[in-house]
Amino acid sequence: MSGCGAAFESKYWSGDMKVVMVEKAVIERSGATGEGLSAINCYMGQRYGWNTPEDFVKYVVNDMMGLAREDLVYDVGRHVDSSVHLLEEWGLPIWKKDNGDYERIGRWQIPIHGEAIKPITAEPARKAIGQENIYERVNITHLLTDANDPQCIAGAIGFGVRENKFYVFKAKAVLITCGGASNVFRPRSINEGMGRTWYSVFSTGSAYGLMIPIGTEMTQMEHRFVPTRFKDGYGPVGMWFQYFGAKITNSKGEDYTVTREAELHKYKPYGLVVPTPTPLRNHQMFLDIKDGLGPMYMGTDKAMQKIAGDDPEKMRKVKEEAWGDFLDMTISQALTWASQDIRPEVTPSEVVLAEPYIMGSHSGESGAWVSGPEDLAPPDYFWGYNKMTTIKGLFAAGDGVGAAPHKFSSGSFTEGRLAAKAAVNFLNDNPEDSTLNDGQVTSLRDKIWAPLERFEKYKGASTAEEVNPHYLTPYQGLVRLQKIMDEYAGGTSAWYTTNKPTLERGIQLIELLREDLNKLAARDRHELMRCWEVIHRTWVGESHMRHLLYREETRWPGYYYRSDFPDLDDSKWRVFVNSRFDSETNEWELFTKPYINLIK
Amino acid sequence: MPTFVDPNACNTCEGEEQGPLCVHICPNDLMKLKGDKGFNQEPNMCSECYACVKLCPTEAIHVRGYADFIPLGAEVQPHRVELGLTWTIRFRDGEEMEFTYPSRTKPAGSSIPYDGFTEDPIADLRGQTLAGESIWLGVDSLPTFASSV
């Protein structure tokens, strides 16, 4: 979404500049929204007087237990309605009330029939930027820095997934609109179901895997999102809570929001604000599950019967809405229901806490530390260009921007637009050409292709392609990463819990994995892509663990627990945790940046 | 294996400019040709996003749900209709339901970038306003809290 927003916006302002978009798949179905959406989750409704951007900032900061960049969140909030109205103009079906106003399913959420939200978004982007400027099926593996200044961007490098081609893009400015990371933690389903993670399996953490290695300052990489979702199919629950009025109960019929109410008082002031922050709602359910009170069921039956009463027409409508919620967005959940003969008006449905995800667009806030907008950002948060990272000329949007969560699809699209416009201003002010570092390009070229060569060189050493002492397949690398993260960084099998010694051991193991990833082997370019995906995911995993270790408190119970620091500590830790990796010394530097309250 | 191709129905998208459409569209580079038929080469990386299923001109692609947790026998299959999809849902016990939802309110290809936009690409470049916001923001002026900072 952010890439298409950036492409669309950039061409309006950029005059004669050459703008290209590089995409690993095809823009009509790429990224997390390619599968479709059943709601726009970030809409202010300023024209209806529903919310102001100030309201949005207050909500987001509290949902993040006190930590978000208010300038960045406000910036998305004040612009996002224009993006939603444009999407509607381009053909997105948004549900309407009888008076023509948008329907609402929550304070910020409007329901849509969004199975085609991505092709609808991609079309004007493709038209605006021009077919000749779109490179698809190109896997960008690394960013390039300037020969004269490694703190300045010079381009990006990668290979053709479908063609035997090596791509070097020389650029004065680069905007990262790649995704956050699924499948860093071992998912609950580990065979075919590994593809049905909640967050898109196509989101391979490239936003971070590209930026971290060149020394981009990152923020809040310890943060994660653990969604509560319908079990296994990962169907969304928001519409059930907010629109149908359903409740989750444990096997004794208890509602944890009632029985666990006292827990909220432990996390003041955030826990006492309505709505309860997402991690604390998770925390309440988690305590039920840990106490052996599962399974947890969403009472779809009671909710639908209450809405429809004895009216068959009302029941027809609510069934159509309920199934549409999945079919527009998470089709596997519909298949899960049908396969188990679950009729939601008759049978309640299991919900679970999923495995952790590291992302910056949804309820996660990991990403790059970027400059805020000129008219909103205090001096500590401003260095010239909106959404520019600490690398000169490198911009980010969507999952790539940290401390700016709750953007979702519409906000990511908006942030791409904001970053693109800022990049045009940067280019006007900095017209000098970038200089490629030839040694860097040559070395990366060899590194990028190495897994193909390694397979050819060593395949004769074993009668089994999958068992060879000279290499790992990308899948084997992925499974190793997932096991380390799950067991040492607080995944599902560890009850989301970790501590200092466990993290230190996990970091030792992930350092060994990072060495072994130099011995990945690929049989073809498809597997070569998987090699670079697992390398990107491993950067995310390592960064996550180092941040988890640094923040000595439990700020987001329900997402993770530091057993050695079980409490939230605002006196010391209401600060952002930032990090920088130094490729020269192979060392990570971690430090804090202040949280600045701007909306009183 | 999440998506699978019925070999009797696959015609390799004969005549399609972009080649086999499942190969063209798959967001995760899973679909390829095996012999002269479509084939999902990596089922455990399939999100069951249905991008290929929705696009297949002969409805040759179906989904056999994840073996990890989906019992056999059910099917959820889309059929393209004007500006939308009709879904057939077959339960394991054989009951069938059908729902139709719109995908778009306007035909594909009908968008006009920057239609009626009034921002000046040079004079308004330094400001905070995005392209088209004079029409599409929905309120008279862009909010800012600069005065209270």
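Select N41(A): you'll find it in the loop between β2 (37-40) and α2 (53-63) of chain A. Helices here are DSSP runs of H or I with at least four residues, strands are runs of E with at least two, and both are numbered from the N terminus. Before going on, know that this is a predicted model, where local features need pLDDT of at least 70, side-chain atom pairs count only at pLDDT 80 or more, and totals for chains, interfaces and linings use all residues. Residues are numbered from 1 along each chain as its sequence is written, while chains are lettered from A and ligands numbered from 1 in the order in which they are written.

Is N41(A) buried or exposed? It counts as buried because it has 21 C-beta neighbours inside 10 Å. The rule: 20 or more other C-beta atoms within 10 Å of a residue's own means buried, 12 or fewer means exposed, and in between is partly exposed, with C-beta atoms placed from the backbone. Now show W108(A), Q109(A) and F408(A), which N41(A) contacts once neighbours within four places in sequence are left aside. Contact means that the C-beta atoms of two residues, placed from the backbone, lie within 7 Å.

**Two helices side by side**

Next, select α1 (residues 2-13) and α12 (residues 408-429) of chain A, which pack at an angle of about 35° with their axes 7 Å apart. Those axes are lines fitted to C-alpha atoms, for helices over the stretch in contact, and angles run from 0 to 180 degrees between N-to-C directions. By class, the contact of α1(A) with α12(A) has 8 nonpolar, 7 polar and 4 charged residues. Nonpolar covers Ala, Val, Leu, Ile, Met, Phe, Trp, Tyr, Cys and Pro; charged covers Asp, Glu, Lys and Arg; the others, Gly among them, are polar.

Most residues other than glycine have a negative phi, and most peptide bonds are trans. With that in mind, pick N183(A), which has a positive phi of about 60° although it is not a glycine. N183(A) is in the loop between β8 (174-176) and α5 (206-211) of chain A, and it is buried, with 26 other C-beta atoms within 10 Å.

Then go to the loop between α7 (256-259) and α8 (278-290) of chain A, where P269(A) is found. The peptide bond from K268(A) to P269(A) is cis, with omega near 0°. P275(A) is also placed in the loop between α7 and α8 of chain A, and the bond leading from V274(A) to P275(A) is cis, with omega near 0°.

**A proline in a helix**

Select P451(A), in helix α13 (residues 438-458) of chain A. Which residues does P451(A) touch, not counting those up to four places away in sequence? They are L520(A), A521(A), A522(A), L528(A) and C531(A). P451(A) is buried, since 25 other C-beta atoms lie within 10 Å.

**Over to chain B**

Chain B has a mean pLDDT of 95, and 97% of its residues reach 70 or more; pLDDT is the predictor's confidence in each residue, from 0 to 100. Click D29(B), in the loop between α1 and β2 (31-34) of chain B. Its phi is near 55°, a positive value in a residue other than glycine. D29(B) is buried, with 21 other C-beta atoms within 10 Å.

Colour chain B by domain: domain 1 is 1-70, domain 2 is 71-105 and domain 3 is 112-138. These bounds come from an automatic or database domain assignment. The centres of domains 1 and 2 of chain B, taken over C-alpha atoms, are 17 Å apart, and their contact takes 8 residues from each of the two.

**Last stop: where the chains meet**

Show both chains together: 66 residues of chain B are in contact with 75 residues of chain A. Which element gives the most to the side of chain B that touches chain A? That is β6(B), with 4 residues. By class, this side of chain B has 40 nonpolar, 16 polar and 10 charged residues. The model as a whole scores ipTM 0.97 and pTM 0.98.
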